[in-house]
Amino acid sequence: MIASAVRSLGVVRAGEVFCVNAQCQDFKQRVIHDGSTLCRLRTDKGVFFFLSEQFEYGLPEQELRKGGQLTIGAHRLRDGSAWLHWFQLANGESWEPERQDLRWPLLGVGLILALSIVIFMMPSDKPMLIMVQTFLGIIGTVILPFTLVALVLWLHPIKWKLRRELVALKAGKPIVLSEGPSCSEADTLPLDDGVYGGVGLIQGVASEIGLFRIDENIRRYQLRCAGETFTLAESSGMLGSKSFVFRRQAPLFIGESDRIVLLTMVDDGEVHGVLNLTDGIAHANYHGSPYSPQTRRVAFGVVVGIVTFMALCLGGFTLYDWHSRGVGPDYWDWVELAEISGFFMMMFMMMFSGIGLIIWYIQRHSSRKISLHGIPVEKVVALALQWRLHNGRSPVINEFS
Amino acid sequence: MLPEWIRPWLYAASLCYGAFAFVWYLMVGYAQAWHVEPEQTLSVPLKEPVEWNTLQATATNDGSLLSVGARGRDGEVEMCSSAGGCRTSCLAQGEVETGSHLPVFNCLVVPETGGQVRHSVAPLGEIGRQGLSYLMRTNGNQVEVVGRLKGEVSGMGCNKQGRCYLFAELAKVYNQSVFVSDDSGVHWRLAAQDVLDSASTVEVLRIDGERIWAADSGSLYFSEDGGSHWNELANARSLLSESPLRILLHNDSLVFFHWNMDETGRIYAMVSDQGRGPHSIVMFQFDQTGKVVDAGERPGELRDLVSGPDGKLYAIYRAEERERYTLYRLSAGKWLPIKASGRSPLTNLQGSDKLLLMEAGRGDGQHMLFSRDAGETWKAIEDLPYYEDKRVFDPAGAGILEFRYPNSEDHYGYRWLRP
């Protein structure tokens, strides 16, 4: 009931897997900063993104452009668009992600197991043996994260669910198809180009899109709109062609001839908002603002990550201690564990509070310098939100920086 | 999310609370401070060097008796002990009256003449007997030096009726000399000399009228005539060597039993395993006649058999399998848990009729705990970081008596630290 109520608001669950029969409306691609080719496929059942490197073979661009009928397997992104995993043409020809090579993760697992057995079985009564144990432990520690990432990628449920659907589809078995929301193009803003309360607004058709290199490492999106040239930051958080299962945010994509609205701030002259009328997706740049959803998510992730890591370490050491003494825990063991946990929680609380205060102080001063007229980025965000809601989209703004 | 303006205040509040909790809980910020009383000065200079590690105290019915050894030379004491040149007042009615004139206890004994003095460990014993010891008395507010002797005080004990015994190894006297007082250590007379063969330190377990139970590291002694004659009721070392208990005895002379008696009259003799590997304790239990009523071995360590309020017996037990510390009261062979602290160590238990005091915690959280109600409730008090030899638990004054440094006239300062 709650889920249906949420859906009625246009809010979707990011990461949700679905298959859909759709008709292509538009297909565009562009090279992004890491050399990959980001593709956007607009269909009558929504907008899909993918990397051409996901697939082993070249894309059937003609079919994708000329309104071909496709069956698509994808997972939802936050704003209602989706990341495409595979598609099948009406003639039964299908494009699916390259199968992951399992040799390396399995080799990693085997190596870690072997090293663990050797380390625990090896006597540690001589300095040389302790050094060997330490060396082997370091090797295992280095291998572990790579192996874990490879395993998680291989075992990710999104991947397996969609693969099952594709196998069923190929075998001619019926699969559950989603209807999906119909997505028409968005309306233009009923405003003329100009400055509104410190926010500049330019509407037009994007052209001459490319990457503008500032230096070796920094590249910016460059485009022309309404007769002017603009550059804006490349969308952050791009993931490699193999790890797209983790993606939940739609990438910043402006295709040639897309109708767009650029929102700038008078204070810094930067483009802070991009409303793409062609695909209905809004992007905002929070630069100069004390907080942004992305930094909040990153900060929250760091906090959760550190706390989880320490909890795992503490749990591991405690279990090892209990195991090595050969007696199970009693009341005092639990009390001690609670005390140590409390100590760590308190230390973390102090640490994060201190860091929070420092960041607050820095941001308070830096944001004042940027927002000389006190015009917050939230104005741009509010405009973008209103536009999304007005066009029947969910109130989700993608962030780029 | 929270309003933006509240965030810095929330951060600051969390930081303040964290700092407070760190000091309050982890560093035991709630431990109360000791009440330090003004420093006073002994009216008598002690002959240097004073051996403060020999400082000991016992409660009387109106205060405490203290003794301390010194390596200094005192002509009057030496003359009295060797040539009999003692003041006549010393021998009035066969007793000494302690006081500011500092009588020499050696005047009460008859020095052995001819031959070498017999000792179980002759060289060490003879060195001890060449020293000087001071007897002091305190009423809980002041300390006075009230007597001297050439030799070492082996032990002291008093009961609530004011009967006190003082055991000493004196120069030119075989074995132990026993002095007795009926007025809490004001007047002393000789009860016996050349008794308790081979005893070096004597623990007075109980004084009941003319009956007295005492023990050294291996034997339990009993006298029923006010200390004049002594019987060895039990020898724990012999019992141990004859018993099937598995304690590792590398060297009999290194096995030191700790003795004490509970309020029911049960006597306990406890020794810790001297060997490597897991610790264990062996405990013998005797009745007042010296008959073994129980013997057993138990893993772990038992520390500090201490008499507390109403003669009840307390000990800290450290369990071996899981490291756990528990304060027990031992009564009629039963172990009654009083306070458990888990893995946080409890050590250095001190007891008197008014107070139980022990160290607790570790690291920055180290502190002391005291109880005025026989262990029912405990309060935390700041640790005394340098528990030096110059401090002694005052069994009557419910605090710690701390000797300070001598002034320009060699008069030592002292003060009380009270919870």
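Q: How far apart do the C-alpha centres of domain 2 of chain A and domain 4 of chain A lie?

A: In this predicted model, the two centres are 26 Å apart. Domain 2 covers residues 103–155 of chain A, and domain 4 covers 293–370. Chain A also holds domain 1 (2–99 + 159–170) and domain 3 (194–288 + 373–399).

Q: What makes β15 and β18 of chain B edge strands?

A: The open sheet has four strands in the order β15-β16-β17-β18 (chain B), paired antiparallel. β15 (258–261) and β18 (292–299) each have a single partner strand, so one side of each lacks a neighbour in the sheet. On average, neighbouring strands of this sheet are turned by 15 degrees against each other, with direction ignored.

Q: How do you know that β15(B) and β16(B) count as paired?

A: Pairing requires at least two bridges between two strands. Four bridges join β15(B) to β16 (residues 267–272) of chain B, and therefore the two strands count as paired. Their sense is antiparallel. One of the residues involved is B:Asn260, whose bridge partner in β16(B) is B:Tyr268. The hairpin of these strands has five residues between them, and there B:Gly265 takes a positive phi near 95 degrees.

Q: What makes β17(B) and β18(B) a pair?

A: Strand β17 (residues 280–286) of chain B and β18(B) share seven bridges, and at least two are needed, so they form a pair. This pairing is antiparallel. Within it, B:Ile281 has B:Arg298 of β18(B) as its bridge partner.

Q: Why do B:His258 and B:Trp259 of β15(B) count as buried, and which way do they point?

A: A residue is called buried if 20 or more other C-beta atoms lie within 10 Å of its own, and B:His258 and B:Trp259 are therefore residues that reach this cut-off. B:His258 and B:Asn260 point one way from β15(B), whereas B:Trp259 and B:Met261 point the other way. In a regular strand, side chains alternate between the two faces of the sheet. Of the 401 residues of chain A, 27% count as buried.

Q: What makes residues of chain A and chain B count as being in contact, and how many are there?

A: Two residues are in contact if their C-beta atoms lie within 7 Å. By this rule, 14 residues of chain A are in contact with 16 residues of chain B. On the chain A side, nine are nonpolar, three polar and two charged.

Terms used: Residues are numbered from 1 along each chain as its sequence is written. Chains are lettered from A and ligands numbered from 1 in the order in which they are written. This is a predicted model: local features need pLDDT of at least 70, side-chain atom pairs count only at pLDDT 80 or more; totals for chains, interfaces and linings use all residues. Domain bounds come from an automatic or database domain assignment. Axes are lines fitted to C-alpha atoms, for helices over the stretch in contact, and angles run from 0 to 180 degrees between N-to-C directions. Ala, Val, Leu, Ile, Met, Phe, Trp, Tyr, Cys and Pro count as nonpolar, Asp, Glu, Lys and Arg as charged, and the others, Gly among them, as polar. A residue is buried if 20 or more other C-beta atoms lie within 10 Å of its own, exposed if 12 or fewer, and partly exposed in between; C-beta atoms are placed from the backbone.
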